[in-house]
Amino acid sequence: MEKCDILIIGAGPGGLAAAVGARKAGAGRVVILERDVSAGGILNQCVHDGFGLIRYNEQLTGPEYAVRAVDEALKAGAEILCGHQVIRISEDKTVAAASRYGLKRFSAGAIILATGCRERTRGAISIPGSRPAGVFTAGVIQNFVNVRNIMPGRRVVILGSGDIGMIMARRLTLEGAEIRAVVEVLPEPAGLSRNVSQCIYDYGIPLHCSHTVSRIIGKKKLEAVEISEVDENMHPIQGTEQIIECDALVLSVGLIPENEVAEIAGVRIDTRSNGTVTDEFLQTSVPGIFSCGNSHRVMDLADFVSQQGELVGYNAVAYINGSDMKPWEESRGTSMAKGFPEPDTVTCTLCPNGCQIRFDGEKYEGNHCPRGVKFAEEERISPKRMVTTTVKTEDGRLLPVRTDRAVPKESVRDVVQSLKNISVRTPIKCGDIILRLTDASGETAAVIASSDMYQLLPM
Amino acid sequence: MFAISEMSSMRQNDIIIIGAGGIGCAIARELSRYKLSITVLEKECDIAAGASGRNSAVVHAGFNNRPGSLMARLCVEGNQGFEDICRELDVPFKNTGKILVAFDDEDIRILKGIIAQGEQNGCEGLRMIGEEELKRLAPGVSGIAGMYSPHTSIFDPFAYCVALAENAAVNGVDFCFDSEVSSICRNDGGFIVRTADGRDFGCSILINSAGLGSDRISEMAGVSGYRIYPCRGEYFIMDKVADKLLDIPVYPAPKPGIGGLGVHLTPTMHGNILIGPSAEYIDDRDDYSSTAPIMDKLITEASELLPAIERRFIIGNYAGIRPKQAPPGEGGYRDFVIKEEETCPGLINLIGIESPGLTASMPIARMVRDIAEKKLDLVEKDDFIAERKTPPRFRDLTEEEQADLISEDPEYGEIMCRCQKVTKREIRNAIENPLGVRSITAIKYRAWATTGRCNGGYCLTRIVDMLVNEYGMKPEEITYRGKGGELFSGEVK
């Protein structure tokens with residue numbers, strides 16, 4: 001039995017920040033158990049930008065955010081054990097974890113659940129029709145496309161306009177797929193307005209709101225979906241059916257707090273949201289077991305998850321010491337602008353406020369800070385985007401990369417194309433330059449690695 | 001039909017079995033005791049692809065069937081021997097009993113009739129139970145009374161069919177998948193069977209256990225007059241969190257003439273309650289679609305039986321198709337046909353083997369053996385291997401046993417399917433299955449990965465990674481359920 005002060009389950013942004021918070025508050029041994037082969041959680045497959053605006057005041061990609069979060073946790077003195085799946089967690093705060101190195105048992109002063117979330121599935125929403133190959137959730141596709149170099153299909157329909165769905169619409173487009181439709185059951189897109197602007201509008205992807213996939217067609221392989229308009233109860237309206245041929249259906253229909261481990265511990269779970277039930281200090285129904293991030297309640301931004309993680313780390317130490325804990329303000333975490341951007345506005349992406357800025361021909365309005373004017377002006381005259389994608393490594397893996405600055409919007413596809421056929425040698429550090437983009441006037445931008453990638457050791 | 005002169009390098013067998021469902025696998029396993037050359041031809045990529053893998057996973061007691069019928073006799077006999085065969089082949093089995101629920105006096109009358117019928121069939125221990133006992137045996141279940149059947153059980157039908165087939169294969173039976181039969185001709189007292197891709201197989205005895213296709217196979221062999229009416233049953237699968245709501249199968253009192261047992265709730269060996277099936281005649285023999293109206297009906301009827309069941313527990317659905325001989329207007333059941341055709345000596349037809357076919361599979365296999373014995377000299381092998389051991393299943397072990405297992409084999413420490421706690425070693429065993437089946441469903445049904453609440457969200461990427469990086473498959477070669485069901489279009493770059 002190994003002893004530690006704080007045991008954290010999950011090395012995503014929540015768990016990593018919790019470790020930092022706990023160590024800052026004076027914890028002794030802090031151990032993070034992570035089931036995946038590396039730390040960072042789902043950030044590692046989120047190669048797009050939009051992370052870190054609050055925590056670091058920068059536009060980072062998911063892997064870059066993960067590199068920083070892991071670095072901070074290690075510098076703070078936390079131990080991260082990857083490849084460890086928790087299989088038991090008891091009320092006396094002992095834990096058993098399986099890994100290829102054996103079944104390890106831990107005894108902790110306090111436990112923090114930072115187990116993230118999972119995706120709502122086709123099974124859970126009971127889409128009628130056949131069950132062929134070619135139906136996936138968006139996160140699974142994100143993993144296949146961005147990490148494992150596998151393309152699900154060439155003609156894709158996306159059900160649900162959650163953020164991952166919209167981001168994957170853009171990602172798959174840039175990798176050569178045709179997004180035949182994004183179908184949303186609500187009257188407005190479910191995800192952030194900035195993703196509607198930059199993932200859907202930028203690429204002219206057909207968006208069908210107040211519609212749903214009413215039938216899946218194809219015996220062994222997906223051949224088409226039937227989409228229908230829905231009534232106010234979200235039931236398909238007969239007579240509105242249309243068939244869209246496709247070879248992949250990607251579902252982005254919601255995220256559910258992942259609490260398999262919490263269930264084993266006997267922690268009370270909200271039956272509606274599947275999130276943990278906690279007090280204002282994020283302590284669960286089992287004293288000394290805390291919960292943070294998406295396993296507590298699904299949040300809009302990783303930045304919020306990190307903030308909450310840090311707080312919960314502090315509170316877990318306070319629990320051990322018997323000192324005062326700090327409350328979490330519930331209003332934080334889901335404050336971002338969602339749905340259709342207001343007509344004739346640009347959605348500012350410089351910070352999470354997502355101000356909708358309008359130009360009346362003379363002046364800008366709707367911005368909460370002066371930076372918004374500059375952004376809106378550029379967006380009106382020569383819109384620019386950061387390009388995020390992957391390049392192949394010589395050993396056949398994918399390295400997440402981005403441009404070091406925003407490039408003209410119309411050149412995004414060219415940049416992605418120019419990276420299609422190059423391969424890079426590992427090891428490589430986050431920030432290393434992969435390719436310099438030039439035009440007649442010289443260097444216009446550089447493509448940089450947005451993650452660390454170590455060399456594969458020969459087997 | 002084709003001319004003999006066209007024949008290419010033909011493989012000669014004593015026996016060909018068409019169809020690798022539970023019945024075909026049971027027959028193959030039973031006949032593998034003898035010195036015979038046997039080939040099983042299956043049109044799908046794996047065993048149990050039809051009704052055998054798409055049912056309620058219940059070992060029936062035999063009270064539902066007409067006294068004197070083959071269905072009744074073989075079901076009761078099958079029930080009595082089922083635990084033994086499961087023990088012999090290491091298949092998950094649990095004697096749960098079963099309850100038929102009465103909501104009114106008419107139902108009570110029907111249930112009393114069923115007890116009388118069951119007793120005639122030789123079912124033991126059937127009895128009426130009052131409301132109090134009903135609530136004790138199945139807390140939370142509605143109804144005013146019920147019928148209790150002590151010998152009904154649950155089992156894992158995939159594991160059962162896999163075990164039969166693998167045991168048959170170990171004992172020398174050859175399984176050919178993706179081998180749809182396209183024509184059959186008589187030859188020198190035997191048969192030549194040609195597959196759609198042009199391979200020929202010769203045999204002296206032809207066993208037709210083709211389920212939904214059994215009427216067509218019979219016709220190809222020259223015996224017409226049978227007709228299969230496909231009757232679809234849809235199911236829901238419930239999350240493990242609902243498992244504690246029920247530990248005994250509960251059925252409604254059957255309504256006469258519906259041709260099914262009514263929508264019921266069944267606990268499973270894996271901890272996921274099943275709801276279903278509906279009974280709906282369809283035209284298409286391989287349309288396993290689920291439909292919106294039936295989905296609503298399943299939930300409504302299930303919550304009448306067990307009010308605590310809610311839609312939010314649903315994690316998946318599936319459908320099976322019964323190979324019924326009773327046409328839509330007639331309803332109910334027609335008895336199994338299991339016989340050598342007088343007009344076509346050597347052809348053993350098994351037609352209309354719907355429920356309780358899996359329960360009856362071993363007695364059916366023995367019946368087929370008895371028929372074959374009249375045609376062929378059956379000599380027992382000295383080296384027949386009757387027992388089969390399934391490798392350990394991590395999640396069924398104690399923590400101490402798990403620790404020991406990991407120290408013996410580190411891959412037992414890598415949990416790849418987090419919902420069902422399936423380890424990398426178990427996935428590897430499934431990938432390297434003795435029948436050589438390579439599809440995601442092959443892994444699903446053998447290791448039970450991808451079957452949980454995340455529908456493979458966690459493990460599918462990891463399984464595919466293994467297939468690509470450790471087994472050298474290209475992404476576009478990976479199928480969900482065999483050829484034509486490719487999961488991916490290729491590499492990104």
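In this predicted model, A:Ile9 stands opposite A:Leu113, a residue in strand 8 of chain A. The two belong to a parallel pairing of strand 1 (residues 2-9) with strand 8, made over 7 bridges. Two strands count as paired if DSSP finds at least two bridges between them, and the elements themselves are DSSP runs, numbered from the N terminus: helices are H or I with at least four residues, strands are E with at least two. Strand 1 of chain A is also joined to strand 2 (residues 30-33) by 4 bridges, again running parallel. Here A:Leu7 stands opposite A:Val31.

A word on conventions: residues are numbered from 1 along each chain as its sequence is written, and chains are lettered from A and ligands numbered from 1 in the order in which they are written. Local features need pLDDT of at least 70 and side-chain atom pairs count only at pLDDT 80 or more, while totals for chains, interfaces and linings use all residues; side-chain values use heavy atoms, with hydrogens and water left out.

**The two chains**

Chain A has 10 helices and 30 strands. Its radius of gyration is 23 Å, close to the 23 Å that the globule rule gives for 459 residues, so chain A is as compact as a globular protein of that length. The radius is taken over C-alpha atoms, and the rule is 2.2 Å times the number of residues to the power 0.38. Along the principal axes, the C-alpha atoms of chain A fill a box of roughly 60 × 60 × 55 Å.

For chain B the secondary structure comes to 12 helices and 23 strands. The radius of gyration of chain B is 23 Å, close to the 23 Å from the globule rule for 493 residues, so chain B too is as compact as a globular protein of its length. Its C-alpha trace spans about 70 × 60 × 45 Å along the principal axes.

**Where the chains meet**

The contact (heavy atoms within 4.5 Å) takes 52 residues from chain A and 59 residues from chain B. About 4600 Å² is buried between them, with carbon and sulfur atoms giving 50%; this is the accessible area (1.4 Å probe) that the two parts lose on being put together, summed over both. In chain A, the residues that lose the most area to chain B are A:Arg100, A:Arg131 and A:Lys220, together 15% of what that side buries.

The rule finds 15 salt bridges across this interface, each being a side-chain nitrogen of Lys or Arg within 4 Å of a carboxyl oxygen of Asp or Glu. There are also 29 residue pairs in polar contact across the interface, both residues at pLDDT 80 or more. A polar contact is a pair of N or O atoms within 3.5 Å; within protein, one must be able to donate a hydrogen and the other to accept it, and residues adjacent in sequence count only if both atoms are side-chain atoms.

Among the elements that each supply at least two residues of the chain A side are strand 7 (94-99), strand 8 (102-113) and helix 4 (138-146). By class, that side has 17 nonpolar, 15 polar and 20 charged residues. Ala, Val, Leu, Ile, Met, Phe, Trp, Tyr, Cys and Pro count as nonpolar, Asp, Glu, Lys and Arg as charged, and the others, Gly among them, as polar.

Strands cross the boundary as well: strand 11 of chain A pairs with strand 23 (residues 490-491) of chain B in the antiparallel sense over 2 bridges. In this pairing A:Ile150 stands opposite B:Glu491.

**Two salt bridges side by side**

Over all chains, the salt bridge count comes to 77. Here are two of them.

| B:Asp286 | A:Lys219 | 2.8 Å |

**A sheet and some loops**

In chain A, 3 strands form an open antiparallel sheet in the order 21-22-23. Strand 21 (345-347) and strand 23 (364-365) stand at the edges with a single partner strand each, so one side of each is left without a neighbour in the sheet.

Most residues other than glycine have a negative phi, and most peptide bonds are trans. The bond from A:Thr426 to A:Pro427 is cis, with omega near 0°, and A:Pro427 is in the loop between strand 28 (423-424) and strand 29 (433-439) of chain A. Another cis bond runs from B:Gly276 to B:Pro277, with omega near -5°. A:Asn274, a residue other than glycine, has a positive phi near 70°.
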